[in-house]
Amino acid sequence: MSLSPDPAVVMSSTICKHCSLPIPGDLQAKGEEFCCNGCEQVYSILQSAGLGDYYHIRAGSVSIRTPQAAPAALSNYAYLDDPAFTQPERNRDGSKSLEFYLEGVHCAACVWLIEKLPELMPGVISSRLNLSNAIATLTLPPEGKFAPVAAAIERFGYKPYAVKNHREAENLRQRENQRILMRIGVAAFSTGNLMILAVALYSGLEGYLAAFFSWLALLLVIPALTYSAWPFYKEAWHRLRSRQLSIDVPIAFSLLVGFAAGTWQTIQHQGETYFDSLSMLVFLLLLSRYALSRAQQRVGANNQLLSFYEHNVVEVWSETAQAFTSVPVSRLENGARIRVQAGERLPADGVILEGESAIDMSLLTGETYPQPVQAGSRVYAGTRNETTAFVMDATATGDETKMATLLRKTQANLVNRTRIVAMTDLLSRRFVLLVLFASVGLFLWRGLNPESFTRALSLIIISCPCALALATPLVMSLSIQRAFARGYLIKNAHTLEELQDVKTLIFDKTGTLTEGRFQVLQAEALSPEAEDALRALEIHSTHPVALALVRHFASERPLPEVEQAEVLNTGGVQGRIAGHLWQVLPSLNQESELAGGQPVTQLELRCEDTLQGRIWLGDRIREGTHQTLARLRQMGYELVLLSGDQAAPCQRVAENLGIEKVFSRVTPEQKETILKGFEAPVMIGDGVNDIMALSSARIGISVQGGVEENLQTADVHLTETGISQIPSLILHSQKTLSLIKLCLSFSLVYNLASISAAVMGWVTPLFAAVLMPISSLTVVALAVIGGRKL
């Protein structure tokens, strides 16, 4: 049975207890409280499951997406369980997951209801909905069926579309955005032409031309006040049926009353019509809402997090050609033999079959140094081959890799809701209630006459809280743009709010506090002979110390021949060159740090046990880190070091920087657990190994040098080297919130003053229509001027 009643059936004011749609007349006569059996069943399920709060949450939610109409009839979703059409993701525990784009998602109540599916349907393991991109991830047991779950979602009023990848979901979002843009375009067309006509009408045009222009204006405003303004009417009607008020109620009421009054004035050939102001109001409101919707979509647009290698190709052994051929990574299959060249990222998890090399694991583990690998070593997608080419057997590809697992888990943490927008909406609803009561009271108090109607209409128009609605998203948008110009990318307004509440700053070590590269920090002067001997001993090694030494002492001089070369158990290497024994050994008297405060490892170069020179190596602490951390301490923040690196280098860096709390050798999963032990933590990291921590923390900040995936998950990305921008970022957020409060205060003061003026009869509807957009423009000016000072 359809959730929507037949439009041919006569409807009354009685509405369905679940969907708030009118109940058909024949059912009303029987005393029914629901418009159909489906609504009655859903209502019963919600009540029996103790989820009756859904209706209260729905009534008070803030809409950030344009609601879509419920489908007229349930679709057949049997294809979802047909392997020929869909291939759900198989999880390690045997469960299966599928993603859906839900058309009609627009508020927090939608998220609440969709995520309650496991309690409503025993066969659903989990249900997660990302409000910003309207993508829901459903997880079922191995024998579970997606068809009944999709049907249940449709009964809730959302049209589900199974998506194979985020590109498909993006296409659906684009269609929805195009419909909104069409409404904006129609409103812009009407507004532009109406303003041309208004110049003539307001300048005193009379006679036949004035009447003709008035009728032409009536025709031009109809598309704007019907097609373009339809979302306002629909949302206002939905709110009224739910016995709730929102900012759309006075907007829709003002548009309808203004249109009715303007039409009457046109028929009577007297007075002003206000059509240009009404059309401009529709255009500005649609534009601002579209901008907010797009901003929310950009928050959730993860740039295909799970398609990291989709545009790359890889060398795969072809039995037919008996050679390695280029194949798109998307076509990789388990068991493929892949050749990975030096400098390339691994496209799959697997085991090395041929060759030796060193793998940069910092992407996943945070290790400072590349790890030597050889035949039989296990390697992972996303890590980088540093030295020589090798051949590997792919054991896990695509979404089965370790990196993809991290990214999928991270994606669940991307949904957030802006508190200040919720506060503004609550304030708007209360203000709306005040305005409606005041206008009705004014109309009744002054008597049912044209003057009282004029005052009431002036009150509704001039006090329409559009400035109140525009203030917060506008300031947030300008603040984020200003932040981008300063070199830090803030992905959503939620981050600016949350930065006010943080107490703890947690730093990753490698690539965040340090430069993330093992290098020679200092060396005593060596003779050319000693330099050549050092290079000859280390040139064939893939150890990170050897690589750093060879890089630092690079030369075009020919290398001498090394005999009896060997790696010492105590650390270091030795060999005979021209009959002399040369050794590179760890110093017996290790200095923990250089005079400049850099943690180091000290080596000695000896020839026949005679010291030729000393060399200091380490991962250099980024310039300016000491000063930045000192400033953050003065601002009252607790500082913590959290790294997957070994304990010794972590402790040396922490002592050098004055950080008291240190967590070392922790996995990505452990980082997430540790973060939960701190109050309002900010995670500052670099590397995909930090993705889970960045998304789990109150705020996630990635520094320059972090891989592309970090930017998809972190709330802020710093474009300059190091952490020097963090204090200014925090101050930026504080100034932003102060500017929002200023704009909201102005909007409230303006509206209270305008209410008083309208009640006293000091403004006419025409003057009110002029002043109404002026308030919004003033808020824009305040935001722009204040934004320049952020």
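Predicted model: local features only at pLDDT ≥ 70, side-chain atom pairs only at ≥ 80, totals over all residues.
**A buried serine, a greasy patch and some salt bridges**

Residues are numbered from 1 along each chain as its sequence is written, and side-chain values use heavy atoms, with hydrogens and water left out.

S214 sits in helix α8; helices here are DSSP runs of H or I with at least four residues, strands are runs of E with at least two, and both are numbered from the N terminus. Leaving aside residues up to four places away in sequence, S214 touches L201, T266 and F275, a contact being heavy atoms within 4.5 Å.

F212 belongs to helix α8 too, which covers residues 207-228, but F212 is partly exposed, at 41% relative accessibility. Together with Y208, L209, L216, L219 and I222, F212 makes up a nonpolar surface patch with about 610 Å² of accessible area. A patch joins residues that have over 30% relative accessible area and no salt bridge, like charges within 9 Å and nonpolar side chains (Val, Leu, Ile, Met, Phe, Trp, Tyr) within 5 Å, and the areas come from the Shrake-Rupley method with a 1.4 Å probe, only the protein chains shown counting as cover for residues.

In the model, residues 208-233 are 96% helix and 0% strand, with end C-alpha atoms 34 Å apart, and residues 739-760 are 95% helix and 0% strand, with end C-alpha atoms 32 Å apart.

Stepping back to the whole protein, there are 26 helices and 29 strands, and 52% of its 790 residues count as buried. Among contacts with a separation of 6 or more, 66% are between residues 24 or more positions apart.

Next, strand β18, residues 504-507, where both faces are covered: T504 and I506 on one side are buried, as are L505 and F507 on the other. In general terms, side chains in a regular strand alternate between the two faces of the sheet. Strand β18 runs parallel to β25, residues 638-642, with four bridges joining them, and T504 stands opposite E638. Strand β27, residues 681-685, also pairs with β18 in the parallel sense over four bridges, with F507 opposite I684; pairing requires that DSSP finds at least two bridges between two strands.

Finally, the salt bridges, each defined as a side-chain nitrogen of Lys or Arg within 4 Å of a carboxyl oxygen of Asp or Glu, of which the count comes to 13. Which residue does K671 pair with? The partner is D508, and the closest N and O atoms are 3.8 Å apart. K671 lies in helix α22 and D508 in the loop between β18 and α17, so this pair ties together parts 163 residues apart in sequence. K671 is buried at 1% relative accessibility, and D508 is likewise buried at 1%.

R698 and E498 also meet in a salt bridge, at 2.1 Å from N to O, linking the loop between α23 and β28 to helix α16, 200 residues apart. Here R698 is partly exposed, with a relative accessible area of 32%, whereas E498 is buried, with 5%.

E354 and R337 form a further salt bridge, with closest N and O atoms 3.3 Å apart; E354 lies in strand β11 and R337 in strand β10, so the pair ties together parts 17 residues apart in sequence. Both partners are partly exposed, E354 at 43% and R337 at 30%. Lastly, E531, D532, R535 and R557 are linked in a salt-bridge network.

Notes. Buried < 20%, exposed > 50% of the residue type's maximum accessible area, 1.4 Å probe, protein only.
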